[in-house]
Amino acid sequence: MHNSGRGVRIVCYFAPAGLSQEWQQQDMRSSTVKKYKDLLGKKKDELMAAAPARTPATEPGSKSGDWIDQSSQESDLYVRLALKQTDFKLLRAIEEAIHRIDQGTYGICMECENHIAPARLEAVPWTRVCIDCKAKQQG
């Protein structure tokens with residue numbers, strides 16, 4: 001594995017004779033990569049399908065009904081906008097993960113460059129970092 005300093009990672013997916021069997025087993029098979037790409041595509045489709053439901057029904061500043069209705073509409077507007085922002089961030093992370101699959105760097109932590117555990121990829125297939133690096137980021 002090599003980091004050229006330009007944000008491009010070159011990952012070698014063949015196992016030279018001197019490397020451990022553990023490293024060879026961690027190398028992702030094409031069927032595993034396809035499984036993750038399918039999971040990511042499905043989640044992306046779900047987000048795209050939910051987008052119209054997350055669009056605010058009223059424009060900010062529009063008023064109708066009494067003050068209770070207006071307050072409720074305003075709360076609904078803020079909730080929908082927050083959900084839309086969250087969906088956008090998640091969609092971007094999914095697209096980046098699909099790009100990493102296409103580049104051959106999927107499953108490699110972007111912080112420490114170690115393999116990301118399969119259990120973590122199952123839980124959060126769009127993750128960029130391993131569980132240890134995530135814990136460091138939050139700690």
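I began with Y106, which is buried, at a relative accessible area of 3%. My cut-offs: buried is under 20% relative accessible area, exposed is over 50%, and partly exposed is in between, using a 1.4 Å probe and protein chains only. This is a predicted model, so I take local features only at pLDDT of at least 70 and side-chain atom pairs only at pLDDT 80 or more, while totals for chains, interfaces and linings use all residues. Residues are numbered from 1 along each chain as its sequence is written, and side-chain values use heavy atoms, with hydrogens and water left out.

**Aromatic pair**

How many aromatic pairs does the structure hold? I found one. Y36 and Y106 form it, tilted, with 5.5 Å centre to centre and 50° between the planes. Y36 lies in helix α2 (residues 30-54) and Y106 in the loop between α3 (67-103) and α4 (118-123), so the pair ties together parts 70 residues apart in sequence. For the record, rings of Phe, Tyr and Trp (its six-membered ring) pair if their centres lie within 6.5 Å; planes under 30 degrees apart count as stacked, over 60 as edge-to-face and the rest as tilted. Helices (H or I, at least four residues) and strands (E, at least two) are DSSP runs, numbered from the N terminus.

Y36 is buried too, with a relative accessible area of 2%. I also noted K35 over the face of Y36, 5.0 Å from the ring centre. The rule there is NZ of Lys or CZ of Arg within 6 Å of the ring centre and within 35 degrees of the ring normal.

**Nonpolar core**

Y106 came up again here. The largest nonpolar core has 16 residues, and those with the most contacts inside it are L40, I94, Y106 and C109. I count as a core a set of buried Ala, Val, Leu, Ile, Met, Phe, Trp, Tyr and Cys residues joined through side-chain atoms within 4.5 Å. Which helix gives the most to this core? It is α3, with six residues. Both α2 and α3 supply at least two residues each.

**Salt bridges**

I counted seven salt bridges, taking a side-chain nitrogen of Lys or Arg within 4 Å of a carboxyl oxygen of Asp or Glu.

D38 and K34 meet at 3.0 Å, N to O. They are four residues apart in helix α2, which means about one helical turn separates them. D38 is partly exposed, at 44% relative accessibility.

K37 bridges to D102, with the closest N and O atoms 2.7 Å apart. That pair links distant parts of the chain, K37 being in helix α2 and D102 in helix α3, 65 residues apart. K37 is partly exposed at 33% relative accessibility.

K44 bridges to E95, the closest N and O atoms being 3.6 Å apart. K44 lies in helix α2 and E95 in helix α3, so this pair ties together parts that are 51 residues apart in sequence. K44 is partly exposed at 26%, and E95 counts as partly exposed at 39%.

**A charge without a partner**

Where is R120 found? R120 sits in helix α4. R120 is buried yet has no salt bridge, and the nearest side chain of opposite charge, D132, is 9.0 Å away. For charges, Lys and Arg count as positive and Asp and Glu as negative; His and the chain ends are not counted. Leaving out residues up to four places away in sequence, R120 touches P125, T127, V129, C130, I131 and K134. Contact here means heavy atoms within 4.5 Å.

K134 is partly exposed at 29% relative accessibility. With residues up to four places away set aside, K134 touches R120 and V129. K134 and E111 are 23 residues apart in sequence and 9.2 Å apart in space, C-alpha to C-alpha.

**Whole chain**

Last, the overview. I get five helices and two strands, in the pattern β-β-α-α-α-α-α along the sequence. Of the 139 residues in the chain, 22% are buried. Among contacts between residues at least 6 apart in sequence, 57% join residues at least 24 apart.

E113 is in the loop between α3 and α4.
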